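Here is a short briefing to read with the model open beside you.

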Amino acid sequence: MAVVLRCFRHLPSLLYRSSFTVVRGLPQAPAGCPALLLDGCRQCVRQMLLTRQLATKKAKGKGQSQARVNVSAALVEDIINLEETNEDMRAVVEALREDFSRNLSVRTSPGALDHIIVMTKDGKFPLNQLGQISQKSPQLIIVNMINFPESTAAATKAIRESGMNLNPEVDGTIIRVPIPKVTREHRESLAKLAKQSTNKSKEALRKVRSKSINQVKKFKNKVSEDTIRLLEKQIQQMTDSTAAEMDKLLAAKTKELLG
């Protein structure tokens, strides 16, 4: 009994020190506190902190802006890896940014064709691995397929279907790619493609969100409803923030494309 009382005398200090769990993790055992009792303390502190965060949010009056939920990853690491969820969402944003850079440009350069994927009988390959790409003039790009002549037709099809408004012409193993004039219609077409790419990325983002929410719900019989609700709100906040960043990327790209 004396050991138990000694352990609980340290509980206030555990609660105070637990405010640093984002960096340091859960507090260590007080002197003389058995490991078994410490585990109980840890669980108590964990639940009290999560409940306190949710209660603070609920305390906001109606009509007032609610504080952002900010769950410590260390407190919920047994339920979900929030850092991994964030990384998955960041990957979706970076893929969209790369797509804008590679495929949606008013001016077409040889480098813009490098990563067009060509379907061949031996598999999928980037165009720059099959052909030698060079710019003959500001209005013409040449793709020399001399090293893989059997893939000339497939490369031509890939260029035509790349969504870059290109109409390649074939002369033996040489593919001539005229660069279209930058018309208003072309700019608007690119802007529509940018919107489509953003919508596809948002679909990918929603899949990341759903996967994370489902992971949290697996623990609904093991942790409190408040904990589940708090985590769901945290994940939704992360999703909303990432979607807002995508909208900013789209707005900037649309402005660039439409001039």
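With which residue does Glu94 form a salt bridge? The partner is Arg90, and the closest N and O atoms are 3.7 Å apart; a salt bridge here is a side-chain nitrogen of Lys or Arg within 4 Å of a carboxyl oxygen of Asp or Glu. Please keep in mind that this is a predicted model, in which local features need pLDDT of at least 70 and side-chain atom pairs count only at pLDDT 80 or more, while totals for chains, interfaces and linings use all residues. Residues are numbered from 1 along each chain as its sequence is written, and side-chain values use heavy atoms, with hydrogens and water left out.

**Salt bridges**

- By the rule above, the model has 10 salt bridges.
- Glu94 and Arg90 sit 4 residues apart in helix H5 (residues 82–103), about one turn of the helix; helices (H or I, at least four residues) and strands (E, at least two) are DSSP runs, numbered from the N terminus.
- An α-helix has 3.6 residues a turn, so residues three or four places apart point the same way.
- Glu94 is partly exposed at 37% relative accessible area, and Arg90 is partly exposed at 29%; buried means under 20%, exposed over 50%, and partly exposed in between (1.4 Å probe, protein chains only).
- A network of salt bridges links Arg90, Glu94, Arg97 and Glu245.
- Asp171 pairs with Arg176 in another salt bridge, with the closest N and O atoms 3.7 Å apart.
- Both partners are partly exposed: Asp171 has a relative accessibility of 45%, and Arg176 has 33%.

**Helix H10**

- After H10 comes Gly259, whose phi is positive, near 65 degrees.
- Within H10, Lys253 and Glu256 are 3 residues apart, or about one helical turn, and their side chains meet in a salt bridge (3.2 Å, N to O).
- Lys253 counts as buried at 8% relative accessibility, whereas Glu256 is partly exposed at 44%.
- Leu250 is also found in H10, and this residue is buried, with a relative accessible area of 10%.
- Leaving aside residues up to four places away in sequence, Leu250 touches Phe100, Ala194, Lys195 and Thr198; contact means heavy atoms within 4.5 Å.
- Leu250 and Ala191 are 59 residues apart in sequence, and their C-alpha atoms are 8.8 Å apart in space.

**The hairpin of S1 and S2**

- Strands S1 (residues 117–120) and S2 (residues 123–126) run antiparallel and are joined by 4 bridges; two strands pair if DSSP finds at least two bridges between them.
- A hairpin of 2 residues joins S1 to S2.
- Ile117 has Pro126 as its bridge partner in S2.

**The whole chain**

- The protein chain has 10 helices and 6 strands.
- Of its 259 residues, 36% count as buried.
- Among contacts with a separation of 6 or more, 63% come from residues 24 or more positions apart.
- The accessible surface of the protein chain comes to about 15,700 Å², with 52% belonging to carbon and sulfur atoms; accessible areas come from the Shrake-Rupley method with a 1.4 Å probe, and for residues only the protein chains shown count as cover.
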